[in-house]
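Thank you all for making time this morning. I would like to walk you slowly through one structure, so please have the display in view.

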Amino acid sequence: MPNERPILLVEDNPDDEALTLCALSKNRIDNPVVVVHDGVEAVDYLFANGTYSGRKVEELPAVVLLDLKLPRIDGLEVLRRIRADARTAVLPVVILTTSRENLDLRQAYSLGANSYIRKPVDYDRFERAIGLLGHYWLDLNETADSELRGAY
């Protein structure tokens, strides 16, 4: 049975958003996808603030696909806020970025990223990477957050 929890895609580039959605579809990853376009929207979605104030905060996404170079609040700050809150501290976060900066890689892992994937330029490689990460995080990985969800 497929995981019904959504994927949260935090992506400000419309082309990368479209490519990611297409790659998820081609890999038969059928989870709903919630797309937000900057760090403020991501934080609002996760903590049920602003536009998302009617959302149940305990209903977390299955995984967050987080770009780093975002407007308003960058991806590293979003990750910092995710890890700082007990409700989201163990939420799987995959950095999905074009950044080739080693400092970004080190900071992401030091802040608690579960994985760091550089977006391949070649679409076939990108599609394969999305398929692998989707199937791993949605089908194979066991998460601790299911126990925490019941506590809130």
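This is a predicted model: local features need pLDDT of at least 70, side-chain atom pairs count only at pLDDT 80 or more; totals for chains, interfaces and linings use all residues.

Residues are numbered from 1 along each chain as its sequence is written, and side-chain values use heavy atoms, with hydrogens and water left out.

Asp104 sits in helix α4, which covers residues 102–110; helices here are DSSP runs of H or I with at least four residues, strands are runs of E with at least two, and both are numbered from the N terminus. Is Asp104 buried or exposed? Asp104 counts as buried because its relative accessibility is 5%, where buried means under 20% relative accessible area, exposed over 50%, and partly exposed in between, with a 1.4 Å probe and protein chains only. Beyond its neighbours within four places in sequence, Asp104 is in contact with Leu68, Lys69, Leu76, Ser99 and Tyr116, contact meaning heavy atoms within 4.5 Å.

Leu105, also in helix α4, is partly exposed, because its relative accessibility is 25%. Setting aside residues up to four places away in sequence, Leu105 touches Tyr116 and Arg118.

Now to the largest nonpolar core, which has 26 residues; such a core is a set of buried Ala, Val, Leu, Ile, Met, Phe, Trp, Tyr and Cys residues joined through side-chain atoms within 4.5 Å. Among the members that touch the most others are Val10, Leu66 and Ile95. A second, separate core of 17 residues includes Trp137.
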